[in-house]
Amino acid sequence: MRHFALQLYEKTTGRKILSRLNELNQTQWLSYDELLTYQQKKLHKVVEYAYQNVSYYERIFKQIGFHPNDLHKDPESFSELPILTKAIIRENFNELITTDSNRRKQLNKLATSGSTGHPLIFMQDPDFRDYVTADIQRHVAWAGCKLVEPQAFIWGASSQMSLMKKTRAKLIDFIWNRFLTDAFIMTEQSLSGFAKLITKRKPKVLFGYTTAIYKFAQFIRSSKYQHITFEGVITTSETLLSPVREYIEDTFQCKVFNRYGTLELGGVACECEKHTGLHVSMENNYVEIVNNGSTAKPGEVGEIIVTNLNNLGMPFIRYSIEDAGAWYGGENCSCGRESQMIEMLEGRLVDSFQTRDGRTVWAGFAGAGFRCLTHPTIKQFQVVQKTLDS
């Protein structure tokens with residue numbers, strides 16, 4: 001019934017989630033060279049479209065003497081394009097939206113959570129939305145949950161939705177066989193109700209923000225619902241520290257799948273069942289890791305720069321997420337997927353500190369601080385750098 005409802009929903013709305021999911025399930029088994037060719041074709045399309053239909057890129061490309069045809073002659077010329085930042089997006093918001101009137105009519109406005117202090121408003125088109133949903137379902141399958149099997153989410157819920165949007169959201173949740181609790185309002189009452197629903201519906205996968213799932217695991221350990229288990233837990237949107245992973249896995253007696261993604265880019269990378277590293281969704285995003293302006297070597301921590309390959313409505317080309325990570329330097333994953341892999345995610349660039357001799361110490365040091373939380377009198381901790389010495 002749910003499969004039929006999903007097909008009917010797509011037919012009446014024009015969505016293409018199932019076809020995108022089928023596409024991603026096939027392309028994940030391509031060889032690395034085949035994936036790279038597929039990715040480059042989409043990258044050229046985005047750059048060409050941006051040049052023809054987005055005022056900001058037309059202006060910037062002309063200023064630096066770049067033309068999309070340059071990519072065919074020299075793929076490395078892409079790295080000469082300036083990096084897009086959140087500040088640039090805010091200052092040039094209207095110029096970054098497509099001038100194609102037909103596509104503009106289909107755009108939806110979204111805003112990030114603003115975890116770094118300032119929410120980012122952006123526009124998304126239907127194709128971007130479909131690929132994001134399909135990519136989530138692909139990763140959910142990696143964690144052991146088949147299409148339309150029950151899924152539990154700890155996610156942010158909007159409190160300003162109209163009755164029509166709330167009804168539509170409930171219908172979509174029914175079709176996908178998923179249910180959620182609001183990550184922004186986590187009380188003992190709400191978590192107890194969520195645990196009760198999990199006991200009743202027995203979801204295969206728990207998906208949500210890292211901190212929210214960790215808090216739910218803490219609640220479970222002190223409740224009557226300690227029997228709750230899953231096939232897998234997918235954490236996303238925040239850095240997953242090793243002690244947090246261990247705590248969640250021990251609580252729910254299953255593996256944690258670390259997923260890296262943002263609202264404005266969708267899924268960037270995710271662990272598979274082998275947990276060797278995070279497989280980049282090369283079909284959806286072109287990822288660079290840059291250290292001091294140069295491509296970072298495997299194992300070398302650098303700034304993550306991403307170009308989304310699907311959102312033509314508001315293209316993000318060489319966008320700085322303000323996160324740090326490193327390429328995986330080992331052999332191909334034994335799962336058989338040959339996509340690029342990220343070895344580690346160090347957290348947000350703001351979660352690092354500078355030394356007097358110019359070095360950067362990344363957020364991994366916070367793992368030691370996390371162990372302080374086992375002390376009964378410490379509930380949270382924060383590290384503040386006041387000067388280069390203090």
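Start by selecting Met-1, Leu-171 and Phe-174, which form a nonpolar patch on the surface with about 350 Å² of accessible area together (patch residues have over 30% relative accessible area and no salt bridge, with nonpolar side chains joined within 5 Å; areas come from the Shrake-Rupley method with a 1.4 Å probe). This is a predicted model, where local features need pLDDT of at least 70 and side-chain atom pairs count only at pLDDT 80 or more. Residues are numbered from 1 along each chain, and side-chain values use heavy atoms, without hydrogens and water.

Next, pick Tyr-57, Phe-61, Met-314 and Phe-316, the residues with the most contacts inside the largest nonpolar core, which has 48 residues (buried nonpolar residues joined through side-chain atoms within 4.5 Å; buried means under 20% relative accessible area, exposed over 50%, partly exposed in between). Helix 3 gives the most to this core, seven residues. Zoom in on Phe-61: among the residues it touches are Val-47, Leu-81 and Ile-317 (contact means heavy atoms within 4.5 Å).

Now for salt bridges (a Lys or Arg side-chain nitrogen within 4 Å of an Asp or Glu carboxyl oxygen). Show Arg-20 and Asp-127, which meet at 2.7 Å, N to O. This pair links helix 2 (residues 17-27) to helix 8 (residues 126-142), 107 residues apart. Arg-20 counts as buried because its relative accessibility is 16%.

Finish at Arg-318 and Glu-288, a salt bridge with its closest N and O atoms 3.0 Å apart. Both residues, Arg-318 and Glu-288, are buried.

Technical notes:
Patches are made of residues with over 30% relative accessible area and no salt bridge: like charges are joined within 9 Å, nonpolar side chains (Val, Leu, Ile, Met, Phe, Trp, Tyr) within 5 Å. Buried means under 20% relative accessible area, exposed over 50%, partly exposed in between (1.4 Å probe, protein chains only). Helices (H or I, at least four residues) and strands (E, at least two) are DSSP runs, numbered from the N terminus. Lists of a residue's contacts leave out its neighbours within four places in sequence.
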